[in-house]
Amino acid sequence: MIFAGLLGLLVGSFSNVLIWRLPRGENIAFPPSHCPNCDHRLGVTDLVPVFSWLSLGGKCRYCRAPIKARYPVVELLTGIGYATIAALFPPLTVGWGALGLMALFTILLVGSAIDLDTYTIPDELTLPGVALGVLFGLLNGRAGVEGLPDLAGAVQGALLGAGVVVAINQFGSWVLRRFRERSFPEFPIGYQQISLALLAGAWLGPWWGAGVGLLSALVNVAARRVIRVPELLTLGGLLVSVMLGSAGYGPGMILMVQGALAAAGAVSLACGVYWWVHWRRHREDDGAADDTQVDASAMGFGDVKLAAVIGAFLGWERLLLALVVAVFAGAIFGVVQLALRSENRVKFGPFLALGAVVALLWGGTLIGSYRAMLGL
């Protein structure tokens, strides 16, 4: 546990590098660590987690510019988080799973800090995070680790995580637009294909549903324009489908909801990868900023990918617990903001991260208690 805590302090120092450089599109390795104010390269004694900040009085050794208190806070939180994970999931027993949970903790902390600063969660953090969660699921399955998802569970968790959050976004934005169609549908793949996957997945299952959504993107490519599929048909059709499923038609309501969410999650992750590659190439080609017009949205797409990360590492049951905690915490914070007449734009990423930490640390106990209450 002590070793894990020391490792966490070191990783926390690197996390501060990610928090600063990822939103700015900077290389995370080069140049070496330097003061953001005077650009002076930092020495070894300037980089000791927590203690360097304390010994320097929170100021740069070379230009005396203030250093944010966030730096030692991130290092301490990572050290405490790693030590707690090692205590609850002993590495000698859980093996790779403990290392995976530590990686998840770092992704959550870094993503939350960046979201608080910029209202964004970088794709460079979340998309590799999903792949890393699936990889640890494969390792967990081979090692026979209990309490953590295997490969199938990690894939299911990632798809459902993305699917639940993107479905909330789809219906929320539809309401915000007063049920009008999107003014700026993305080409060749975007929210329209996600809505189509929701409807198709309800009737055809997750993989065929995802295939229908991706086929729509290929049709757009072939036509060289967006072939609109009305949301009244896709989102409205999904609501009708769920009602029919609850009445006993089709695969049944539960399977229809699962299929719809997983299909939408798969297309969402495909969208994430496509637009990540597209905008990276766009920036490298001409350095132009993203000035794409967007419609009203209930939730950022970064939250969709962060939910997929959480589902991949923790599985679908703990993912749902994380979402419940996040929604309640976000609602309480929103009410407090409203009472104080503060800004009404809520950054949901930190609440997702909070829910994930609760699910990570106490998820097994809470889920077990809920099952016992239901007699399962």
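Helix 7 and helix 12 cross in a right-handed manner. The model described here is predicted.

**Helix 7 with helix 12**

- The axes of helix 7 and helix 12 lie 7 Å apart, and the two helices pack at an angle of about 155°.
- Angles over 145 degrees count as roughly antiparallel, and helix 7 and helix 12 are therefore roughly antiparallel to each other.
- On the side of helix 7, the contact is made by Gly153, Ala154, Gly157, Ala158, Gly161, Ala162, Val165 and Val166.
- These residues meet Phe301, Asp303, Val304, Ala307, Ala308, Gly311 and Ala312 in helix 12.
- Sorted by class, the contact of helix 7 with helix 12 has 10 nonpolar residues, four polar residues and one charged residue.

**Helix 8 with helix 9**

- Helix 8 covers residues 191-204 and helix 9 covers residues 206-223; the angle between them is about 145°, and their axes are 7 Å apart.
- The crossing of helix 8 and helix 9 is right-handed.
- Helix 8 brings Gln192, Gln193, Leu196, Ala197, Ala200, Gly201 and Leu204 to the contact.
- Helix 9 meets them with Pro206, Trp208, Gly209, Val212, Gly213, Ser216, Ala217 and Asn220.
- The contact of helix 8 with helix 9 has eight nonpolar and seven polar residues, and no charged residues.

**Helix 13 with helix 14**

- Helix 13 (residues 316-340) and helix 14 (residues 349-374) cross at roughly 125°, and their axes come within 7 Å.
- That angle makes helix 13 oblique to helix 14.
- Helix 13 and helix 14 form a right-handed crossing.
- In the contact of helix 13 with helix 14, 16 residues are nonpolar, four are polar and three are charged.

**Cavities**

- Rolling a probe the size of a water molecule over the atoms shows where empty space is left.
- Across the whole structure, a search finds two cavities of 30 Å³ or more.
- The largest cavity has a volume of about 60 Å³.
- Its lining consists of Glu181, Arg182, Pro185, Gln192, Arg228, Val229 and Glu231.
- Four charged, two nonpolar and one polar residues make up the lining of the largest cavity.
- Gly97, Gly100, Leu101, Gly133, Phe136, Gly137, Asn140, Leu148, Pro149, Ala312 and Phe313 line the second largest cavity.
- Two or more residues of this lining come from each of helix 5 (96-118), helix 6 (123-143) and helix 12 (301-314).
- Helix 6 provides the largest share of the lining of the second largest cavity, with four residues.
- The lining of the second largest cavity has six nonpolar and five polar residues, and no charged residues.
- Ala312 lines the second largest cavity, and Ala312 also takes part in the contact of helix 12 with helix 7.

**The second largest pocket**

- The volume of the second largest pocket is about 730 Å³.
- Of the 31 residues that line the second largest pocket, His34, Leu42, Leu47, Ile67 and Tyr71 lie nearest its centre.
- Helix 1 (2-21), helix 2 (51-55) and helix 3 (70-88) each give at least two residues to the lining of the second largest pocket.
- Helix 1 contributes the most to this lining, with seven residues.
- By class, the lining of the second largest pocket has 20 nonpolar, six polar and five charged residues.

**Backbone features**

- Most residues other than glycine have a negative phi, and most peptide bonds are trans.
- The peptide bond from phenylalanine 30 to proline 31 is cis, with omega near -5°.
- Proline 31 lies in the loop between helix 1 and helix 2.
- Another cis peptide bond joins phenylalanine 187 and proline 188, where omega is about 0°.
- Proline 188 is placed in the loop between helix 7 (151-176) and helix 8.
- Tyrosine 119 is not a glycine, yet tyrosine 119 has a positive phi of about 65°.
- The loop between helix 5 and helix 6 holds tyrosine 119.

Methods: Residues are numbered from 1 along each chain as its sequence is written. This is a predicted model: local features need pLDDT of at least 70, side-chain atom pairs count only at pLDDT 80 or more; totals for chains, interfaces and linings use all residues. Side-chain values use heavy atoms; hydrogens and water are left out. On a 1 Å grid over the protein atoms alone, a cavity is a set of points where a 1.4 Å probe fits but cannot get out, and a pocket is an open set with protein on both sides within 12 Å along at least five of seven lines; lining residues have an atom within 4 Å of a point. Grid points are joined across faces, edges and corners, and a volume is the space filled by probe spheres set on the points. Ala, Val, Leu, Ile, Met, Phe, Trp, Tyr, Cys and Pro count as nonpolar, Asp, Glu, Lys and Arg as charged, and the others, Gly among them, as polar. Axes are lines fitted to C-alpha atoms, for helices over the stretch in contact, and angles run from 0 to 180 degrees between N-to-C directions. A crossing is left-handed if the near helix is turned anticlockwise from the far one by less than a right angle, and right-handed if clockwise. Contact means heavy atoms within 4.5 Å. Angles under 35 degrees count as roughly parallel, over 145 as roughly antiparallel, 65 to 115 as roughly perpendicular and the rest as oblique.
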